[in-house]
Amino acid sequence: MQTTENVKSTERMQAEVRSILVEDDRTSLSVEALRRDLADNLFYIQGRFPSSASRNDFYMALAYTVRDRLLQRWNATTETYLQQDVKVVCYLSAEFLVGPHLCNNLINLGIYEQIRQAVEDSGLNLNELIEQEEEPGLGNGGLGRLAACYLDSLSALEIPAIGYGIRYEYGIFDQEIRDGWQVEIADKWLRYGNPWEIARLDRDVDVKFGGHTEAYTDENGRYRVRWIPSHVVRGVPYDTPILGYRVNTANTMRLWKAEATEAFDFQKFNFGDYYGAVNDKIFAENITKVLYPNDEQIQGKELRLEQQYFFVSCSLQDMIRVHLHEGQSLDNFHEKFAVQLNDTHPSIGVAELMRLLVDEHDMDWERAWYITQNTFAYTNHTLLPEALEKWSLSLFSSLLPRHLEIIYEINRRFLDEVSAKFPGDSDRLGQLSLIEEGQEKCVRMAHLACVGSHAINGVAALHTELLKKDVLHAFYEFSPEKFINITNGVTPRRWMVLSNPQLTSFVTQRIGDNWIKNLEELKRLEAFIEEAEFRQQWWQIKQDIKSDLAAYIHRQVGMEVNPESLFDVQAKRFHEYKRQHLNVLHIITLYNRIKRNPNLEIAPRTFIFGGKAAPGYYMAKLIVKLINSVGEVVNNDPDVRGRLKVVFLPDYNVTFGQRVYPAADLSEQISTAGKEASGTGNMKFSLNGALTIGTLDGANVEIRQEVGEENFFLFGLTAEEVYALKARGYTPWDYYNSNGELKAVIDHIANGTFSHGDSNLFRPLVDSLLYRDDYLLLADYQAYIDCQDRVGQTYLNRELWTRMSILNVARMGKFSSDRSIREYDQSIWHVPSIHIELTEYDQDGAALHLGR
């Protein structure tokens, strides 16, 4: 018979058990709790029995299990920000190329091993579930990936932030190679759902388009303008938590989806207008249907501007709503929100914030302009004039009539300031005007961003200097205090810890794991460089990773490659200035040498290409075809005997990079000097132990300074020499006629050697090189070939190559996105970090208690 004390003891134990079970179901990190949650999510969210579940069902259940842990931190973060009335960084970017979420969240939560054990104990394979995740292709390349790295670092550094962008239904196309040509396939990344996002349907906003404006005088006698739109679109936010590494901060990525305010017009339907009945729905949904297309047709241009304005308007309205909800006055809006414009795409935000403050919230112009300028900061990402967006006045007036009026007024007042500072200088007025004169007048969006921001930054030291000297020279002369440099960086969590676990483990064994949050600590690796065993293990890790990639290449394209060969990799978006075709000229040079001397001794090489060409960029797509055509000949010529292999791996994306960067021996960063703003692929390669062959362009300059000139293969004209050569009058024919080896290479492309005798296939490419050569391939050819010869000789010296590889990794500390974000915060945003604490679980307080 139980005593009263025994009964009480039993009740306490039962209560403790119940408490543990409830707690473990959602927040515990133990293996058993994770297994239970996995089973619950499979049954209650996916609605599946294990026996009937697909691999995707198991992946979704696992994703929800991990998301449960994120939600605890996400909600705590949001609550803390609201309670402490914090200032927030708002990162506006048309692209966020975040990559797969699952693995990254496991690493940042610190539960990779627990999840692996829970999954295996449940009879599943973690790698198979990881591979099941669809990658969100919400970016074209470097711009979107940089934005994703910055969100990671903002959370890791516990800086309050939100990333605003577009929830494209179809992302950047999937790429297939057919008969050597790129073929684009729709990216259906949402076809199985997205477990990481939460739709906030009650946080929608309305966005206006088209129509006309009406001027009127308000009750106080003030001149006012009313915008009467022709279309109104509903913006619906979808939120994704972005967790910091081993902290409780989970900031938000908020992506906007466009929907019709009324999906179906019964009146039009009843009168037989079936298309008109759903016309508003089609117009609205098209805005966020696909990552913005080539702007060759007027429709493409219009859609791109619609997308940019849509997400910027949604985001600014969202900020204002939050600000007013907290009882704040818009007079201090700029003190609570630091808005960073990631390139020119969101620069319409300058005019939109003015419209919202002046038209919607009755603020006087001068106060609104002060707030606007002190809210925005602008990051420029390009030195290519054609990439600085401009919109025709006709398009602007039809789509955003009120904004064009506001831009005219901003321009009038700004040019008055210019005239006061530089009286009588009409040329300067033309250079600085927000409106470009000419046959078709245009709005210069980069100029709008410069005028409407309190800070302007380039993304590499050389890039910033060239902005001051050339692209934005007039703005630098007018407001030099606005200009600063903040060199790009990459997150070591994804680009080393996640993608290169072998090297991560090896480094951590030697110097601990603090380097993951303080990348400068990699310098401590230099202390081990004289240890023969350390160098041997370093080399072996690289070889093992290369063997894994070789197996992957065989699975993907059916080609056998030698893991002991030099893996020479160029993986990036295809563009003529990035000069993938210069790399091809080198391959053909080596091939010609082997054909002349079949017994030639060279370091065996596997040339690996990856990257996508814009669907309407014919020359870039022709370079893709050339690579595959050269590969077809080289790979099947018995004289080559495996010394050269050319591989094009299709569908370059974040997952591709995670697989390829760690396996590279040589990183090709060979853009024409003065054309690449920064680059971040160069950093990812070096961080994983690849050596760089490159020009003095973008961040290459700083990488070379950091790793040491002797550990970087430099070639080519400098930016100053490029300018000087073009100023003198560049004649590519002179280089062709004076260099026998170069002439033979070009002739082989022209005469059909690599196109089954078709001398017309590559004629546009050959003509562009011989008659224009805008990116100076022929001028840099010999320097590139000589440098590549040095690369080959160095690779044959295994000890030297390994030392150089170690030093590249050890000296990459500067290029962490954590450092970049600290510089943005110290120089521009001034947003204090906020530590997030998790409250201990209390079962009595776990139930809902409204009104207490």
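1. **Before you start.** This is a predicted model, in which local features need pLDDT of at least 70, side-chain atom pairs count only at pLDDT 80 or more, and totals for chains, interfaces and linings use all residues. Residues are numbered from 1 along each chain as its sequence is written, and side-chain values use heavy atoms, with hydrogens and water left out.

2. **Cavities overall.** How many cavities of 30 Å³ or more does a search of the whole structure find? There are eight. A cavity here is a set of points, on a 1 Å grid over the protein atoms alone, where a 1.4 Å probe fits but cannot get out. Points are joined across faces, edges and corners, and the volume is the space filled by probe spheres set on them.

3. **The largest cavity.** Its volume is about 170 Å³. The lining (residues with an atom within 4 Å of a point) has 16 residues, with Val98, His101, Asn104, Ile242 and Arg494 nearest the centre. Two or more lining residues come from each of α4 (102–109), α7 (142–156) and β9 (231–243); α7 gives the most, four. Helices (H or I, at least four residues) and strands (E, at least two) are DSSP runs numbered from the N terminus.

4. Seven residues lining the largest cavity are nonpolar, six polar and three charged. In this scheme Ala, Val, Leu, Ile, Met, Phe, Trp, Tyr, Cys and Pro are nonpolar, Asp, Glu, Lys and Arg are charged, and the others, Gly among them, are polar.

5. **The second largest cavity.** This one has a volume of about 110 Å³. Of its 14 lining residues, Tyr59, Glu133, Glu134, Gly193 and Pro195 are the closest to its centre. Helix α3 (residues 55–84) supplies the largest share, three residues. The lining divides into seven nonpolar, five polar and two charged residues.

6. Is helix α13 (residues 349–360) mostly covered or mostly open? It is mostly covered, with 11 of its 12 residues buried, meaning under 20% relative accessible area, where exposed is over 50% and partly exposed lies in between (1.4 Å probe, protein chains only). Among the buried residues are Glu352, Arg355 and Asp359. After α13 comes aspartate 362, whose phi is positive, near 60°.

7. **Phenylalanine 43.** You will find phenylalanine 43 in helix α2 (residues 31–44). The residue is partly exposed, with a relative accessible area of 39%.

Note on methods
On a 1 Å grid over the protein atoms alone, a cavity is a set of points where a 1.4 Å probe fits but cannot get out, and a pocket is an open set with protein on both sides within 12 Å along at least five of seven lines; lining residues have an atom within 4 Å of a point.
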